[in-house]
Amino acid sequence: MALYFISHPDCLQHLTPAHHPERPKRLSAINDQLITSGVDSWVHHREAPRATREQLLRVHSAAYLDELSREVPAGEGAVCVDGGDTFMSAHSLEAAGRAAGAVVMGVDLVMSEPGSAAFCAVRPPGHHATRDRAMGFCLYNNIAVGAAHGLHAHGLERVAIVDFDVHHGNGTDDIFLHEPRVMFCSTFQHPFYPHEGAEARDGAPRVNVPLPAGTRGEGFRAAVREQWLPALDAFRPQLLLISAGFDGHLEDDMAGLGLVEADYEWVTRELRALAGRHAEGRVVSTLEGGYALSALGRSVVAHLKALL
C-alpha cells in the first residue's frame, strides 16, 4: 500500500505579511519532522502539477478566477483580497494552483492504485474558499477541486469529504450543498470563525458537529464515533478525502480545542479503516490549518503513520 507525499516548491512562494500565521515555515516544519521521524523514507514523493482552469471552474466561477488574477501584485509584498486576513503575493496563484493540483494528482494516484493513500503538503489552504470568494487564508478550494475531479474524471457516484480542522469548512460545505454525490462531515469549534456550520440546512448529505471551546480528545472522538462513522458507513463512499487541519491541537493558540497527536492518529486510523470497507482503501488528505510549528509537524507525522 503506497503512501504518496505530494508538494511543490511553489507552495513556499506564497508570501504573507510578517507575523501572519499562514507562513512558509509551516511546510518546513512538516518536512523537518518527516526527516527526523524517519517517515520520509516510507513515502513516495511527487511534485504537484498546476490545476487547470477547467478543473478550477468545476467549483469556482469564472468571474472569481478572473478577479483573483487581476488582484495579483506586480512587485514585492502582499495585498489583502478579502478585507480581512487573506493575502496574495506575486506568486500566490502559482502556489494555489499547485495546492489544488496536488489534490487532483492524489485522486488520480489512488484511483489507479487501490489501497493507496496520498497526503498533500501544500499551501495556501483551501476549505474556506467559496465558489466566488476568498476568505480565511484560502484562495482556491483545494479539496473541492479534488472531489469534483473524482466525480468528473473517474465517474464516481459517492465521494466523502471529512474535515477535522478547528474551523468549519464553510467553503466546501457551500460548494457541495446541493450535490448529492458528495457527503461532507466536519467537526469544528463553535462559536468561532467563520461562524457557520451549526445551523440546520437542507441539501446534500452532511454531518456538521460543533464542539465547544475546551473540548479535548474524548469529546472529539465521541463526535467522530457516534456521528461521523455511522453516516459514512451508510453513505458507502467510493473515495474518501480529508481536510486535515491541525489547529485544534492543544499547543495551537489559534483556537481553543485540546487535541493531541494521538487524537489525529486515532481519527486517521478510523477513516483509513472506513475507506478499506467501502473505497478499496483510497484516501487523499490535504493540509488545511495548523500554526504551532512543532505541534503541526508532529501531528502530520502521526497522521502519515496512520495512513500507512
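This briefing covers the salt bridges and the nonpolar core of the structure shown above. The model is predicted. Across the whole structure, 16 salt bridges are found. The largest nonpolar core has 94 residues. Side chains of opposite charge can pair when their charged atoms come close.

- D263 and R221 form a salt bridge through their side chains, with an N to O distance of 3.0 Å. This pair links distant parts of the chain, since D263 belongs to helix α8 (residues 261–278) and R221 to helix α7 (residues 217–235), 42 residues apart.
- The two partners are described by their accessibility: D263 has a relative accessible area of 5% and is buried, while R221, at 22%, counts as partly exposed. D263 is classed as buried because its value of 5% falls under the 20% cut-off.
- D233 and R277 form another salt bridge, in which the closest N and O atoms are 3.1 Å apart. Because D233 lies in helix α7 and R277 in helix α8, this pair ties together parts of the chain that are 44 residues apart in sequence.
- D233 is partly exposed, with a relative accessible area of 28%, and R277 is also partly exposed, with a value of 46%.

- E265 pairs with R269 in a salt bridge whose closest N and O atoms are 2.9 Å apart. Both residues lie in helix α8, with a spacing of four residues, or about one turn of the helix.
- E265 counts as partly exposed at 27% relative accessibility, and R269 counts as partly exposed at 45%.

**The largest nonpolar core**

- Within this core of 94 residues, those with the most contacts inside it are F119, F164, W228, L232, L241 and L304.
- Helix α4 (residues 92–112) supplies the largest share of the core, with eleven residues.
- Which residues does L232 touch, leaving aside those up to four places away in sequence? L232 touches A160, V162, M183, C185, P237, L271, L274 and H278.

Definitions and conventions: Residues are numbered from 1 along each chain as its sequence is written. This is a predicted model: local features need pLDDT of at least 70, side-chain atom pairs count only at pLDDT 80 or more; totals for chains, interfaces and linings use all residues. Side-chain values use heavy atoms; hydrogens and water are left out. A salt bridge is a side-chain nitrogen of Lys or Arg within 4 Å of a carboxyl oxygen of Asp or Glu. Helices (H or I, at least four residues) and strands (E, at least two) are DSSP runs, numbered from the N terminus. Buried means under 20% relative accessible area, exposed over 50%, partly exposed in between (1.4 Å probe, protein chains only). A nonpolar core is a set of buried Ala, Val, Leu, Ile, Met, Phe, Trp, Tyr and Cys residues joined through side-chain atoms within 4.5 Å. Contact means heavy atoms within 4.5 Å.
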